[in-house]
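Subject: Structure handover

Hi,

Here is the structure for your files. My notes on what was found follow below it.

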Amino acid sequence: MFEIGTEFTPTGRTGVIHTPHGDIATPAFIPVGTQASVKGVLPEAMAALGAQAVLANAYHLYLQPGPDIVEAAGGVGAFMNWPGPTFTDSGGFQVLSQGAGFKKVLAMDTKGLTDDDVIADGKERLAKVDDDGVDFTSYLDGSRHRFTPEVSMRVQHQLGADIIFAFDECTTLLNTRPYQEASVARTQAWARRCVAEHARLSAAAPSRPYQMLFGVVQGAQYEDLRRQAARELPQEFDGYGIGGALEKENLGQIVRWCCEELPAGKPRHLLGISEPDDLFTAIENGADTFDCVKPSREGRNAALYTPAGRFNVTNAANRRAFEPVFEGCDCYTCAHYTRAYLHHLFKAKELLAYTLATIHNERFTVRLVDGIRQAIADGTYPDFKADFLGRYYG
Ligand SMILES: [Zn+2]
């Protein structure tokens, strides 16, 4: 299921993940299609720009349209007309991020937040954790729901992605150390329940393509908790996710701690990542795949990537810039359109702006990771990294 290619650091490597819907050459950037759609972009365009797989969110598809609809359509790939490999996350992150006070997102960036923002008592919370699972309120209509490890496995089997994740508790950096310890123990117990339910569901549907189940390592910023969590996850998992509270400053060491403890022969996915330099950090320390919403989200905000850094195409300087986003970009947008046209589309609030900007940013990110993978194989990784980061961050 996973073959290791070139090992270039104690935990970093290239490889290939084999899935029933095709191979993924790693390291690989996995674009996010939260609701079974990469916002504004046709699946054919995602394939043309080199995306190897897409990741959808079980939580969103559970609420809308419902996993029974996706199952009846033949699974998330068939439903969204994406023939390649697919991932779904477990729903844990979205379910639990609603428990974190009024901040929609778990405290990936804790600057400017206080404890009260994240773990306030007395404020109305949308999610409540107990040892068996999580009660939560739909963000769509206020209806009440409950996710347990078994529910998450059943939902992800119905969604039918090639790679699925065990249900985990995602904490914030502001939870106390005793809470993190209890949470890691809870996530380990849930992992065993996910393995059992996944085995039962797989055996009950032998004609369906096998779904790889990844366990998730939590433990926040604590080395001992991360290492213990990684060591104690069940060996039955087909791969592993590294989740939870990660800050830019400690991303590399957290990934390394986990990868030093995890079985080397199985793939590892880093759940959520942000800036281009984080890609290098994650790959060097042992991440094989990683998902990221930033290229599409920033594209929809008119922030475009170039080798010389990111710029906003709505800036006045681009009004008469009859040139591509950057010379040398091989994306569809740059082959056919100019900065001036993108500037106009954003100013005029035309929907095509989102499509063209997203295609460019997704292609930029895919191509960067393709370049990293090639450089590792060629033995030129240090030069490639120094060259890219030197230009990107000036
Ligand atoms: Zn381009």
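Two residues count as in contact if their C-beta atoms, placed from the backbone, lie within 7 Å. On that basis, leaving aside neighbours within four places in sequence, Val54 touches Ile30, Pro31, Gly33, Val38, Met46, Trp82 and Thr86.

Two points on conventions. This is a predicted model: local features need pLDDT of at least 70, side-chain atom pairs count only at pLDDT 80 or more, and totals for chains, interfaces and linings use all residues. Residues are numbered from 1 along each chain as its sequence is written.

Domains. The protein chain splits into domain 1 (2–292) and domain 2 (304–394), with bounds from an automatic or database domain assignment. Their C-alpha centres are 28 Å apart. The contact uses 23 residues of domain 1 and 22 residues of domain 2. On the domain 1 side, strand E1 (2–7), strand E4 (28–31), helix H1 (43–48) and helix H11 (276–284) each give two or more residues. Helices (H or I, at least four residues) and strands (E, at least two) are DSSP runs, numbered from the N terminus. H11 gives the most to that side, five residues.

Core. A nonpolar core is a set of buried Ala, Val, Leu, Ile, Met, Phe, Trp, Tyr and Cys residues joined through C-beta atoms within 7 Å; buried means 20 or more other C-beta atoms within 10 Å of the residue's own. The largest has 101 residues, of which Val54, Ala166, Phe214, Val255, Cys258 and Ala282 touch the most other members. Helix H15 (residues 352–378) gives the most to this core, with 11 residues. Domain 1 and domain 2 each supply at least three residues to this core.

Best wishes

Notes: Buried ≥ 20, exposed ≤ 12 C-beta atoms within 10 Å, placed from the backbone.
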